[in-house]
Amino acid sequence: MHLSPLFSRLTLGIALGLASAAQAADGGSDAAAVGAAGDPDDGDRHPRAANLEQVTVTARRIKGDALSYPGAVSVLSTEVIEREQVGSMVDLLNLVPGFNLDYDLGRDIGRNFTLRGFGFADDDRIIVKVDGARRSFNFANQISTFSVDPDLLREVEVVRGSSSVVHGGGAFGGVVEMRTKDARDLLRGAERFGARVRLGWNHNNRQHGSAQLFGTNATRDFDYLLSLGFTEAGDHKLAGGQVVENDSSKRDGMLKLRYAPAPAHELHLKLQRSRQHVQNPWNTLWHLSEWADTVITGVHTQDDITASWTYDPASPWVRLAVDAFHNRTEYDRKVHDLQLIGQPDEYTGLIDRNRYGGINAQNIATFDTGAVHHVLQAGVDLTWRKEDQFDKYTRAYALLAAAEARDYGLYLQDNLSFGRRSQWDLLLAARYDRFEREAGRLSNPLPQESTETYRSQRWSPRLGLGWQATGVLRLFANYSEVFRAPSAFELYATGAGNPWTFWVPNLGLKAETGKEWEAGFALDLSQATGLDALLFKVNAFKGDFSDFISLVDIDPRPSVPGDTGPGGTLRGRLNQYRNLDAVERRGVEVEGSLRQGDWNGELVYSRLRVRDAHTRLDVPHAFADKLLLSAGYHIAPIGVDLGWRMNWYFAAPNNPPANAAGQPLIDRSFKTHDAFVSWRPAADEALRISGGVRNVFDQSVVTPGRPANSAQLGIGRSVFADISYQF
């Protein structure tokens with residue numbers, strides 16, 4: 001295994017010691033233990049809850065359902081994650097409206113996504129959190145670090161659009177918050193110790209496995225979870241049969257501890273580490289045909305430490321939570337040109353390094369003023385981030401040199417409920433953000449010491465309104481403003497990031513600001529139709545963003561067909577991040593859920609247009625309308641669940657119809673179908689066997705904005721199987 005020896009010995013030793021102590025301890029009755037555990041086991045091993053029915057945490061520890069929330073939010077619960085049998089976090093998020101797949105649909109380490117138009121190459125516009133800790137999923141403008149195993153997730157909440165106040169500033173696209181499981185999610189009934197193993201196989205040259213140990217003490221004021229996993233992947237086939245040479249080996253581990261030292265107090269600690277060895281084609285599959293003889297070998301490492309303290313006394317005025325985190329990500333890789341054996345490579349090797357840390361604190365108070373009920377949140381968050389990219393051998397800085405970003409935020413949000421049976425909800429909120437950026441050095445060939453710090457600050461308000469018009473109809477409207485300073489990469493990136501582009505720094509960038517209006521309705525037709533559940537939520541949004549930051553070609557050169565490789569006319573093209581005058585975002589999103597007896601179904605539709613307000617050109621490219629339909633059936637007598645899912649991306653209205661190199665962009669629609677089955681025998685519900693076929697008809701998946709002849713065709717038909725057992 002590639003886990004560090006210290007981490008492996010430490011976590012394994014702690015877990016085994018705790019397990020022995022838990023087994024040896026004797027105290028308290030089983031009934032008392034069940035009561036202390038909180039959430040009892042209801043015996044339903046085949047939940048079929050729909051996304052809209054799930055409880056969402058719209059802000060820390062304030063609960064409400066996604067159907068009544070005055071905004072756009074999707075919640076993927078444990079049951080949904082298990083039922084959908086996705087292969088990765090990116091596949092899981094594809095179940096959400098407004099989510100679009102982006103680059104590298106055939107390479108794990110390069111996969112990216114966009115949420116309401118933002119994501120790839122601008123991860124500051126989406127806030128990603130794991131157990132309250134911020135995480136960068138796309139640092140140095142090249143690779144993805146968005147690789148949490150869906151099997152470890154208890155819940156994923158996606159707040160779409162720029163309405164977030166409590167999660168952080170600058171979230172133009174939205175917020176993705178993942179919450180991992182702990183021992184209390186896995187222990188059953190009065191158990192004090194347990195273990196779980198899981199193995200998976202995919203006929204397209206991929207295997208994975210994991211094991212967890214978890215337990216608690218007799219008084220249930222302490223528990224632990226240790227998880228170790230691996231993933232192995234080899235050469236795989238894209239849709240249509242093209243083989244991509246690939247060799248990937250990943251090892252990961254997680255240790256979670258919870259301790260309640262006194263009533264109303266809880267302490268949490270999480271240590272997580274992953275290490276992945278990769279060998280794959282150059283940069284992205286977009287350039288596969290041009291760089292067929294170029295191979296990347298590298299090691300990607302990520303370490304996370306998260307600690308939190310919660311204080312929840314018997315007082316309506318105090319529910320305090322404090323989180324602190326630090327994560328470190330590094331990608332160390334070499335470039336090998338198979339045609340230059342014995343000669344120096346053009347790019348011999350690079351190291352990207354990202355360090356991210358922060359602390360946030362929040363208090364929640366509940367009180368009444370006459371007939372109005374208030375839930376008041378107040379919080380502060382501080383984050384810092386440092387990025388480097390340098391040559392593996394000379395240690396000379398490449399694109400970034402010790403670039404630092406520091407963010408400070410304060411927020412206040414009041415959720416008021418009033419009227420007969422509280423049918424009105426009013427949300428008043430404001431957030432203050434201050435951003436600081438600093439570069440240690442601008443890299444060659446523009447050597448320049450820079451001690452100047454970039455600063456910007458602003459207040460951003462939010463107003464939301466919800467009205468329960470009838471027993472089945474709820475209306476909502478929302479207005480929010482958002483503010484984002486340029487990232488350190490956008491300000492300071494200098495040099496050749498790839499053979500096609502030379503980045504030029506721009507210290508004069510202005511901060512982006514945005515205003516977004518959103519309105520919609522929710523329908524609960526369950527009683528009217530006599531079904532167990534029939535739910536719909538529809539929202540339309542309109543966003544206007546000023547001083548939008550985009551990568552611009554500042555040295556346009558005429559393209560020569562067939563001359564885009566080394567030495568071609570596109571090599572050395574000068575690019576720079578600049579402010580556009582204004583960008584418009586318009587869209588519609590629909591979610592629907594049906595449940596009747598042993599049947600369930602889901603509908604997800606999204607339409608998105610992001611354009612320059614003056615030129616009417618797509619920014620950064622067109623987005624296809626997307627429709628997802630899924631259906632499932634539970635065969636109760638034998639404990640079998642059947643499922644089917646269709647993803648349909650419609651033809652994108654590309655404007656312009658070609659990229660900077662004159663290559664026509666993809667303009668056709670495509671559909672993929674997945675079929676899956678799972679079995680949990682009534683005689684032993686600790687066992688679960690599942691499997692199916694992804695991309696049943698071997699359809700190409702070419703996302704909008706890519707050249708029509710792109711090699712990014714997505715993974716081809718894949719048969720998979722998975723087995724897990726809990727002891």
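How many of the 727 residues of the chain count as buried? The share is 56%. Here, buried means under 20% relative accessible area, exposed means over 50%, and partly exposed lies in between (1.4 Å probe, protein chains only).

This is a predicted model: local features need pLDDT of at least 70, side-chain atom pairs count only at pLDDT 80 or more, and totals for chains, interfaces and linings use all residues. Residues are numbered from 1 along each chain as its sequence is written, and side-chain values use heavy atoms, with hydrogens and water left out.

Start with the whole chain. It has seven helices and 37 strands. Both are DSSP runs, numbered from the N terminus: helices are H or I with at least four residues, strands are E with at least two. Now look at contacts, meaning heavy atoms within 4.5 Å. Among contacts between residues at least 6 apart in sequence, 67% join residues at least 24 apart. The accessible surface comes to about 28900 Å², and 57% of it belongs to carbon and sulfur atoms. Such areas come from the Shrake-Rupley method with a 1.4 Å probe; for residues, only the protein chains shown count as cover.

Five strands form it in the order S3-S8-S9-S6-S7, and the pairing is mixed. Its edge strands are S3 (73-77) and S7 (133-134), each pairing on one side only. Two strands pair if DSSP finds at least two bridges between them.

Focus on strand S9, residues 174-180. Strand S6 (residues 126-130) pairs with S9 in the parallel sense over five bridges. Ile127 has Val175 as its bridge partner in S9, and Lys129 has Glu177. Strand S8 (residues 153-160) pairs with S9 in the antiparallel sense over seven bridges. There, Val156 has Met178 as its bridge partner.

Why is S9 largely enclosed by the rest of the structure? Seven of its seven residues are buried, so the rest of the structure largely encloses this strand. In a regular strand the side chains alternate between the two faces of the sheet. In S9 both faces are covered: Gly174, Val176, Met178 and Thr180 are buried on one side, and Val175, Glu177 and Arg179 are buried on the other.

Charged pairs come next. A salt bridge is a side-chain nitrogen of Lys or Arg within 4 Å of a carboxyl oxygen of Asp or Glu. The count comes to 57 salt bridges. One of them joins Glu591 and Arg160 (3.9 Å, N to O). Glu591 is in strand S31 (residues 573-596) and Arg160 in strand S8, 431 residues apart. Glu591 is buried at 5% relative accessible area, and Arg160 is buried at 1%. Both belong to a network of salt bridges that also links Arg116, Glu516, Glu518, Arg585 and Glu589.

Another salt bridge joins Glu436 and Arg455 (3.8 Å, N to O). Glu436 lies in strand S22 (residues 424-438) and Arg455 in strand S25 (residues 453-468), so this pair ties together parts that are 19 residues apart in sequence.

Leu199, Phe230, Trp679, Ile689 and Ile723 make a nonpolar patch of about 430 Å². Patches are made of residues with over 30% relative accessible area and no salt bridge: like charges are joined within 9 Å, nonpolar side chains (Val, Leu, Ile, Met, Phe, Trp, Tyr) within 5 Å. Phe230 lies in strand S12 (residues 222-233). At 31% relative accessibility, Phe230 counts as partly exposed.
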